[in-house]
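Reader: I am new to this structure and would like to learn how to read its features one at a time. Could you take me through them slowly, giving the general idea before each case?

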Amino acid sequence: MKKQTPWDIVQLARHAERPNITDYIRLMCEDFVELHGDRLFGDDRGLIGGFATLDGVKVMLIGHRKGRTVEENIEANFGMANPEGYRKAMRLMRLAEKYRLPVVSFVDTPGAYPGSEAEARGQAEAIAHNLEFMSTLKTPMVVVVTGEGGSGGALGIAVGDRILMLQNAVYSVISPEGCASILWRDGTKAALAAETLKITADALLSLGIIDAIIPEPVGGAHTDATQMAATVKQAILTHLTTLKKQPIEKLLGQRYAKFAKMGA
């Protein structure tokens with residue numbers, strides 16, 4: 001059997017039938033109460049969240065939303081959140097801290113929306129504020145990269161105590177196409193860029209960027225969404241059990257050290 005290349009994995013991470021956050025909510029949660037709005041501008045449909053229960057464990061669940069149809073994708077802005085999406089996420093994380101609930105974050109975005117209106121409403125500021133806030137969030141946080149983890153749009157909800165990644169997900173500062181266009185001024189070299197960027201779960205685990213890889217069904221997550229959701233839920237609960245046993249000050253120190261050593 002031919003070994004998968006990083007570019008092959010990029011295609012699986014973007015597969016149209018790959019489970020998205022609405023699938024995981026439906027298959028994993030006993031209940032889910034969605035919360036809307038950032039209390040400043042509006043309710044971004046590219047990033048959703050709310051109170052959820054996983055095998056009796058209450059959590060605050062947030063994540064990027066991609067659609068299955070063209071209409072759903074247009075509504076969700078193809079998973080690219082606006083500033084109000086990141087501000088909504090921070091509002092929900094504040095609620096989680098207040099009610100002593102762990103945060104579970106699902107990352108699946110090509111990146112934050114780069115449009116002029118998003119920039120005018122403070123896209124960079126919203127993401128930066130989230131990074132600062134998550135670094136001192138006084139409750140455990142588990143992040144799962146389920147598909148694409150693109151740039152600051154991904155990192156805006158991904159400063160957690162444990163970073164988990166599906167076997168065929170990708171996580172990178174830039175898309176392979178964007179990297180190829182910048183380095184070689186040739187978007188057709190995206191496959192070479194994918195190899196160079198070290199964006200796969202195996203590469204990122206070896207570099208210490210992520211903490212664990214969640215295995216996928218043979219052929220990819222899209223071949224058996226029910227099995228995939230069960231595996232993801234078990235991984236989340238296992239890590240939450242460990243994290244909840246630790247004093248919050250110790251947890252914050254470990255979180256800071258974890259991100260401070262990246263790139264050293």
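Author: Let us begin with a contact between charged side chains: Arg-87 and Glu-125 meet in a salt bridge, with 2.7 Å from N to O. A salt bridge here is a side-chain nitrogen of Lys or Arg within 4 Å of a carboxyl oxygen of Asp or Glu. The pair links distant parts of the chain, since Arg-87 lies in helix α4 (residues 83-98) and Glu-125 in helix α6 (residues 123-135), 38 residues apart. The names come from DSSP runs numbered from the N terminus, a helix being H or I over at least four residues and a strand being E over at least two.

Reader: What kind of model is this, and how are its residues numbered?

Author: This is a predicted model, in which local features need pLDDT of at least 70 and side-chain atom pairs count only at pLDDT 80 or more, while totals for chains, interfaces and linings use all residues. Residues are numbered from 1 along each chain as its sequence is written, and side-chain values use heavy atoms, with hydrogens and water left out.

Reader: How many salt bridges does the structure hold, and which residue forms one with Arg-14?

Author: The general idea is that side chains of opposite charge can pair when their charged atoms come close. The structure holds 18 salt bridges, and one of them joins Glu-177 to Arg-14, whose closest N and O atoms are 2.7 Å apart. Because Glu-177 lies in helix α8 (residues 176-183) and Arg-14 in the loop between α1 and α2 (21-28), this pair ties together parts that are 163 residues apart in sequence. Glu-177 is partly exposed, with a relative accessible area of 27%, and Arg-14, at 31%, also counts as partly exposed. For these words, buried means under 20% relative accessible area, exposed means over 50%, and partly exposed is in between, with a 1.4 Å probe and protein chains only.

Reader: Is Lys-233 buried or exposed, and which residue does Lys-233 pair with in a salt bridge?

Author: Lys-233 forms a salt bridge with Asp-55, the closest N and O atoms being 3.1 Å apart. Lys-233 sits in helix α11 (residues 225-244) and Asp-55 in the loop between β2 (47-54) and β3, so the pair ties together parts 178 residues apart in sequence. At 15% relative accessibility Lys-233 counts as buried, whereas Asp-55, at 48%, counts as partly exposed.

Reader: Now to the strands: why is β4 described as largely enclosed?

Author: In a regular strand the side chains alternate between the two faces of the sheet. Seven of the seven residues of strand β4 (residues 103-109) are buried, so β4 is largely enclosed by the rest of the structure. Both faces are covered, with Val-103, Ser-105, Val-107 and Thr-109 buried on one side and Val-104, Phe-106 and Asp-108 buried on the other.

Reader: Which strands are joined to β4, and by how many bridges?

Author: Two strands pair if DSSP finds at least two bridges between them. Four bridges join β4 to strand β3 (residues 57-64), and the two run parallel; here Leu-61 stands opposite Val-104. Six bridges join β4 to strand β5 (residues 141-150), again in parallel, and Ser-105 stands opposite Val-143 of β5.

Reader: What volume does the largest pocket have, and which residues lie nearest its centre?

Author: On a 1 Å grid over the protein atoms alone, a pocket is an open set of points with protein on both sides within 12 Å along at least five of seven lines, a cavity is a set where a 1.4 Å probe fits but cannot get out, and lining residues have an atom within 4 Å of a point. The largest pocket has a volume of about 330 Å³, and of its 15 lining residues Leu-155, Tyr-171, Ser-172, Val-173 and Ile-209 lie nearest the centre. A volume is the space filled by probe spheres set on the grid points, which are joined across faces, edges and corners. The largest share of this lining, three residues, comes from α7.

Reader: How much space lies in the largest cavity?

Author: About 90 Å³ of space lies in the largest cavity. Of the 13 residues that line this cavity, the closest to its centre are Glu-148, Val-170, Ile-174, Ser-175 and Pro-176, and β5 and β7 each supply at least two residues of the lining.
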